[in-house]
Amino acid sequence: MAAKKKFSFVNIIFFAIFGVFTGVLWAYGSPIPLIPGAVHFRTFAFVTVTIAFLFGPVTGFFAGYIGTLVWSLLGGYFIAPHTLLADGITVGLSAALPALIMLKQKTLDEYMDHKKEFIGKSMFWSILFGCLMILTTSFSLAFFSGLSYWYCVIWIGIADVVPIALTPFVVVLLAPRLQKIQTIIPKV
């Protein structure tokens, strides 16, 4: 039985680095507002799920949560209770859960020996949890902004699902290139 990994100062540094990196990408690399002041086309929505697969689900969660805070502040999309609770937490969970489920079955290295299996399963889990995030976040946004729930579902869905579908391809591209670094960067 493997020893349970603990949070360390290094982990917290990685959470912050990946979170800020994600937030800056979302704020400045996603220039198309879909609902001005609330939703933009999240070109790099796949980043947090990719981080979760490559660096561990907890790192992916915090990259999503911190990234949500950073992009909302930089882009002027911050809605206090919505961003801090529903949006931040559900984005973090939608990043962490696909990796958590899949990496309990096999290691990423084992999946890289069967890339088609990885692509199919990770796309399924990424889109499923992305859709659950959309439903939850839409409820919160509708509640706190006065917008229609289904209006939010449609626009947040357009903003996130298409880019999230890129996750397995980006992971397959980056995993072999990061294999040496993986022994240095801790997974939590």
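A nonpolar core is a set of buried Ala, Val, Leu, Ile, Met, Phe, Trp, Tyr and Cys residues joined through side-chain atoms within 4.5 Å. Buried means under 20% relative accessible area, exposed over 50%, and partly exposed in between, with a 1.4 Å probe and protein chains only. The model is predicted: local features need pLDDT of at least 70 and side-chain atom pairs count only at pLDDT 80 or more, while totals for chains, interfaces and linings use all residues. Residues are numbered from 1 along each chain as its sequence is written, and side-chain values use heavy atoms, leaving out hydrogens and water.

The largest nonpolar core has 23 residues, and Phe53, Leu54, Leu108, Met112, Phe118 and Val171 have the most contacts inside it. Two or more residues each come from helices H1 (9-28), H2 (46-55), H4 (80-105), H5 (108-112) and H8 (167-182). H2 gives the most, eight residues. Another core lies apart from it, with 18 residues that include Trp26, Trp71, Met133 and Ala159.

Helices are DSSP runs of H or I with at least four residues, strands are E runs of at least two, and both are numbered from the N terminus. In H2, ten of ten residues are buried, among them Phe46, Ile51 and Phe55. Gly56 follows H2 and has a positive phi, near 110 degrees.

With a disulfide taken as a pair of cysteine sulfur atoms within 2.5 Å, the count is zero.

| Cysteine | Relative accessible area | Class |
|---|---|---|
| Cys131 | 32% | partly exposed |
| Cys152 | 0% | buried |

Cys131 is in no disulfide, because the sulfur of Cys152 is 15 Å from that of Cys131, too far for a bond.
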